[in-house]
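Visitor: I'd like to go through this model with you piece by piece. Could you show it to me before I start asking?

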Amino acid sequence: MMKKLLVAAVSALALAGPVMAQDAAPAGARSDAARERGEAAIPPPVMSETRHTGVFGGQRIAYRAIAGETYLKDKDGKPLAAMVSYSYIKEGPTDPNRPVTFLWNGGPGSGSLWLHMGAFGPKRVVVPSDAKDDGAAPFPIIDNVDSLLDVTDIVFIDPIGTGFSRALGKTDPADYWGVTKDAKSIAEFIRLWLNEHGRWNAPKFIGGESYGTTRSAAVIHELEGSYTDVSINGILLISSILDFSLAADAQGNELGFVTNLPSMAATAWYHDKVPNKPATVEEFVAEARAWAIGPYATALLKGNDLTAEERAAILPQLSRYTGVSQTYLSNANLRLSPSRFYKELLRDRGLTIGRLDTRYTGVDYDNAGDRPDNDPSFYGIDGAYTAAMNAWAREGLKYSPDVVYSSIGGTRGWDWNLPSAGRGGAEYLNVAPYIGRALRENSGLRVWVGQGYYDFATPFFGAEYSLNRPGFPTDGRIEWHYYHAGHMMYVREDDLKKLSSDIRSFIRAR
């Protein structure tokens with residue numbers, strides 16, 4: 001593991017102090033109105049603006065950084081919630097054709113720190129590329145030459161209940177906690193941002209990671225699903241989860257076993273659990289895809305009609321693709337759940353593997369259980385990202401509210417229902433059709449999809465399945481990219497560079 005050195009002054013590039021923005025309404029009038037309603041006065045929103053320079057994509061860029069609150073209000077202008085964002089805007093002559101990209105993470109309940117401080121922000125935190133634990137502070141926070149600021153302005157958004165974003169006054173934060181509620185608030189913010197910055201006719205991209213891809217689909221529906229469209233040029237789907245039936249751990253649901261299998265094959269290949277393994281993971285994954293959708297899917301769908309001879313033919317192949325013994329797979333009725341896989345694959349070495357990134361390994365309290373104690377690929381990076389986000393926001397951007405930054409887990413009781421869920425209801429949450437409709441009704445929209453081979457939170461074959469259904473145009477407007485890491489593929493240096501290059505090309509090709 002590299003020796004970790006804290007950058008001496010995260011804010012060294014700031015050329016000016018923060019500028020605090022306040023509402024136009026006099027504070028006294030706002031306080032009087034609040035007292036009449038029996039509420040505590042809501043202070044004006046706070047913003048901090050600093051100026052910086054950096055080299056991104058080989059170009060030296062001067063940019064403004066605007067960090068702070070945007071109030072979401074009711075029809076009478078009463079502030080309901082403070083949504084915090086971080087906008088990075090290139091300085092210089094106004095270019096009406098310069099794109100702006102809105103980004104968020106997932107959870108639901110996660111702040112945008114992962115994409116912000118790991119992939120596309122002007123600063124990033126360095127964690128080991130070889131799937132080792134990040135240890136303890138100080139963590140290296142460096143200039144991010146792979147930021148996209150050479151090709152687009154960037155706005156990182158923390159949804160309500162994440163980061164520093166929060167409900168105000170007597171507003172119930174649950175008013176924002178749901179697939180549709182959340183998407184409406186993000187769409188509202190985007191419209192407000194376009195108003196404030198005069199960017200309505202600029203090329204626009206939206207994107208997210210993990211549940212952030214679910215959010216992206218729901219947001220495109222809110223932006224383009226009515227007569228007051230905000231037409232989007234591109235959607236960035238990083239580690240996609242769109243059809244939640246693939247992740248439903250329910251007896252009788254066979255689809256998840258099929259779509260998980262190629263990820264198991266990639267992981268078995270990585271950890272040298274494949275006899276006579278092919279030279280590349282791509283080659284082995286291609287074999288596993290074909291076998292999963294063919295003989296394996298047929299065997300599972302036959303259920304109790306599967307003959308003993310057919311079962312005997314399936315077992316050795318399933319063992320080859322998963323790296324798990326035939327005895328264990330037979331006892332599991334040919335159905336290997338992810339949690340059992342994490343524990344069983346390296347049991348003979350006394351190790352478990354990660355969920356977010358199966359390259360990571362961990363050691364449990366004992367070796368006898370059927371699932372890991374924890375996810376080594378999450379506790380292997382979370383300390384570094386939380387420290388970096390707080391350091392950059394509070395010191396570098398001069399935005400330091402008296403609020404704890406909620407990295408993940410700040411929401412509860414999420415409303416998974418969709419207005420148009422149909423007969424399946426909440427039990428079959430699938431937002432992929434929102435993207436299909438947007439592609440059919442916006443000829444200028446393109447979709448970029450990036451998946452890690454070693455990601456079990458959002459397996460790559462599940463993403464392929466979700467975006468290959470009837471209703472999606474087959475005209476080449478969906479492009480696919482794959483990486484040799486997991487859910488946050490950018491924790492691996494080579495994949496960060498590839499990810500940045502791939503998305504930069506996508507934006508330039510608008």
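Visitor: Which residues line the largest cavity?

Guide: The lining of the largest cavity is made of Met 47, Ile 66, Thr 70, Ser 85, Ser 87, Phe 189, Trp 193, Glu 196 and His 197. A cavity here is a set of points on a 1 Å grid over the protein atoms alone where a 1.4 Å probe fits but cannot get out, and lining residues have an atom within 4 Å of a point. This is a predicted model, in which local features need pLDDT of at least 70 and side-chain atom pairs count only at pLDDT 80 or more, whereas totals for chains, interfaces and linings use all residues. Residues are numbered from 1 along each chain as its sequence is written, and side-chain values use heavy atoms, with hydrogens and water left out.

Visitor: What volume does the largest cavity have, then?

Guide: The volume of the largest cavity is about 60 Å³, taken as the space filled by probe spheres set on grid points that are joined across faces, edges and corners. By this rule there are three cavities of 30 Å³ or more.

Visitor: Which element supplies the largest share of that lining?

Guide: Helix H3 does, with four residues. Strand E2 (59-73), strand E3 (79-90) and H3 (179-197) each give at least two residues to the lining; helices (H or I, at least four residues) and strands (E, at least two) are DSSP runs numbered from the N terminus. By class the lining holds four nonpolar, four polar and one charged residues, where Ala, Val, Leu, Ile, Met, Phe, Trp, Tyr, Cys and Pro count as nonpolar, Asp, Glu, Lys and Arg as charged, and the others, Gly among them, as polar.

Visitor: Staying with H3, is Ile 186 buried or exposed?

Guide: Ile 186, which is found in helix H3, counts as buried because its relative accessibility is 0%; buried means under 20% relative accessible area, exposed over 50%, and partly exposed in between (1.4 Å probe, protein chains only). Not counting residues up to four places away in sequence, Ile 186 touches Met 83, Trp 104, Ile 157, Pro 159, Arg 215 and Val 219, a contact being heavy atoms within 4.5 Å. Ile 186 and Ser 216 are 30 residues apart in sequence, while their C-alpha atoms are 9.5 Å apart in space.

Visitor: Switching topic, where are the cis peptide bonds?

Guide: One joins Gly 107 and Pro 108, with omega about -5°, and Pro 108 sits in the loop between strand E4 (100-104) and H2. Another runs from Ala 137 to Pro 138, with omega near 5°, and Pro 138 lies in the loop between strand E5 (123-125) and strand E6 (141-143).

Visitor: And how many residues of H2 are buried?

Guide: Helix H2 (residues 113-120) is mostly covered, with eight of its eight residues buried; among them are Trp 114, His 116 and Phe 120.

Visitor: What meets what between H5 and H6?

Guide: From H5, Phe 257, Val 258, Leu 261, Pro 262, Ala 265, Ala 266 and Trp 269 meet a set of H6 residues including Phe 284, Ala 288, Arg 289, Trp 291 and Tyr 296. The residues of this contact divide into 17 nonpolar, no polar and one charged.

Visitor: What about phi of Asp 272?

Guide: Asp 272, in the loop between H5 and H6, has phi near 60°, a positive value in a residue other than glycine. Most residues other than glycine have a negative phi. Asp 272 is exposed, with a relative accessible area of 52%. Asn 333, in the loop between helix H8 (326-331) and helix H9 (338-344), also has a positive phi, near 55°, and counts as partly exposed at 44% relative accessibility.

Visitor: Last one, which residues is Gln 451 in contact with?

Guide: Leaving aside neighbours within four places in sequence, the contacts of Gln 451 include Ser 239, Ser 240, Phe 460, Trp 480, Tyr 482 and Met 489. Gln 451 has its place in strand E13 and counts as buried, since its relative accessibility is 0%. Strand E13 (446-452) is also one of the elements that cover the buried residues of H12, together with others including helix H4 (211-224) and helix H13 (460-466); those buried residues are Ala 432, Tyr 434, Ile 435, Gly 436, Ala 438 and Leu 439.

Key
On a 1 Å grid over the protein atoms alone, a cavity is a set of points where a 1.4 Å probe fits but cannot get out, and a pocket is an open set with protein on both sides within 12 Å along at least five of seven lines; lining residues have an atom within 4 Å of a point.
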